[in-house]
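The points cover the ligand shell, the domains and the backbone.

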Amino acid sequence: SGEGMLMVTARAPTNIAVIKYWGKRDESLILPINDSISVTLDPDHLCTTTTVAVSPNFESDRMWLNGKEISLSGGRYQSCLKEIRQQAGDVIDENKGICIKGEDWQKLHVHIASYNNFPTAAGLASSAAGFACLVYALSKLMNVKEQYELSAIARQGSGSACRSLYGGFVKWAMGNDVNGSDSIAIQLARETHWSDLVILIAVVSSHQKEISSTTGMRESVETSELLLQRSQNIVPKRIKQMEEAIRNRDFTTFAKLTSADSNQFHAVCLDTSPPIFYMNNTSHRIINCIERWNQSEGTPQVSYTFDAGPNAVMFAPNRKVASLLLQRLLFYFPPLPGDDLSSFVIGDQSILQEAGIG
Ligand code: PMV
């Protein structure tokens with residue numbers, strides 16, 4: 001029964017890095033070796049919805065992901081739960097007869113139910129939305145003070161998750177502190193700042209990635225000299241340029257930096273021993289298609305970025321160019337008979353009509 005039960009539901013979107021995070025200086029606190037910048041997606045698409053509940057009847061912390069129970073014993077879940085409990089405040093609801101003191105949260109157990117509105121196995125970053133949503137929902141349930149920097153907790157679930165606590169354009173500052181207190185997310189611009197920008201995602205393969213980002217990063221940090229050069233001498237410069245491009249809505253600079261940084265990240269993977277291949281042949285064909293188009297126009301029409309998997313995330317300066325891109329992609333990668341074209345576009349389907357398809 002719901003007797004004495006308190007519940008909170010929250011939703012968080014995933015984010016796509018345009019200047020990549022790759023490499024940790026501290027694995028347990030998840031502290032990065034460079035700053036990164038991302039775009040948080042529209043919350044209607046690629047998001048996680050999480051409900052957290054507390055009841056004196058719960059005997060242990062438990063979690064269900066898409067209806068299936070998963071273990072919370074991992075260090076990342078434990079760090080998030082522990083940190084949130086430490087910041088928990090009083091929750092008093094006289095109508096429901098609820099009176100929980102801050103310190104009571106140490107003994108109370110929570111149940112967590114989380115859903116992704118996209119296939120978890122689609123190889124699209126789900127941990128970013130997942131941990132951001134979990135930490136946010138728990139902070140509301142446990143009445144954590146507004147000012148408390150939640151991104152420093154979400155970071156300990158999954159590095160990229162800290163950036164999903166804010167909408168729009170977000171920087172994750174690497175920080176200097178050994179305890180990670182200044183390794184936090186900072187909003188660079190609101191979601192409305194660059195509303196013409198269109199993001200398209202091509203699901204190239206729905207297979208789960210072979211090498212986790214954790215393992216990949218560790219191996220790159222240990223073996224790639226290019227990564228050292230990148231993090232110390234290249235990324236700091238790119239962060240400044242990217243911040244300026246975002247501020248000025250300068251698509252040309254944004255596009256060049258985004259593609260270059262994705263390619264450098266994958267070059268680091270190739271420079272790792274043994275080498276890591278996240279992109280596949282189809283990814284390479286997409287890059288080629290976009291690069292040839294950009295070359296023929298003389299300035300970047302669209303840009304692309306790939307994370308630890310083969311799926312392409314593409315940026316267009318407006319809907320008109322986005323629909324041209326869609327036409328090109330469908331020309332090079334013709335859909336099979338019976339393919340549902342609506343599944344090609346996550347979100348606003350009208351772009352299909354605009355492209356003369358669907
Ligand atoms: O936070 P993680 O462990 O999922 O790592 C994310 C790494 C990349 O997606 C490749 C880059 C990034 O900055 O999101």
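1. By class, the shell around the ligand holds five nonpolar, seven polar and two charged residues. Here Ala, Val, Leu, Ile, Met, Phe, Trp, Tyr, Cys and Pro count as nonpolar, Asp, Glu, Lys and Arg as charged, and the others, Gly among them, as polar. Of the 14 residues around the ligand, those that come nearest are Ala 17, Tyr 21, Gly 159, Ser 160 and Ser 213. A residue is near a molecule or strand if its C-beta atom, placed from the backbone, lies within 6 Å of it.

2. The model is a predicted one, in which local features need pLDDT of at least 70 and side-chain atom pairs count only at pLDDT 80 or more, while totals for chains, interfaces and linings use all residues. Numbering of residues starts from 1 along each chain as its sequence is written.

3. The protein is divided into domain 1 (6-189) and domain 2 (198-354), with bounds that come from an automatic or database domain assignment. Each of these domains gives at least three residues to the shell around the ligand. Taken over C-alpha atoms, the centres of domain 1 and domain 2 are separated by 26 Å.

4. Between the domains, 26 residues of domain 1 are in contact with 31 residues of domain 2; contact requires C-beta atoms, placed from the backbone, within 7 Å. On the side of domain 1 that touches domain 2, strand S2 (15-19), strand S5 (36-40) and strand S13 (185-189) each supply at least two residues. The largest share, three residues, comes from S2. Strands (E, at least two residues) and helices (H or I, at least four) are DSSP runs, numbered from the N terminus. By class, this side of domain 1 has 17 nonpolar, four polar and five charged residues.

5. Which peptide bond is cis? The bond from Ser 273 to Pro 274 is cis, with omega near -5 degrees. Pro 274 lies in the loop between helix H6 (251-270) and helix H7 (281-297).

6. Most residues other than glycine have a negative phi, and most peptide bonds are trans. Leu 46, however, has a positive phi near 45 degrees, and its place is in the loop between S5 and strand S6 (47-54). Leu 46 counts as buried because it has 24 C-beta neighbours inside 10 Å; the cut-off for buried is 20 or more other C-beta atoms within 10 Å, for exposed 12 or fewer, with partly exposed in between, and C-beta atoms are placed from the backbone.

7. Arg 249 also has a positive phi, near 50 degrees. Arg 249 is found in the loop between helix H5 (225-247) and H6. With 14 C-beta neighbours inside 10 Å, Arg 249 counts as partly exposed.

Definitions and conventions. Contact = placed C-beta atoms within 7 Å.
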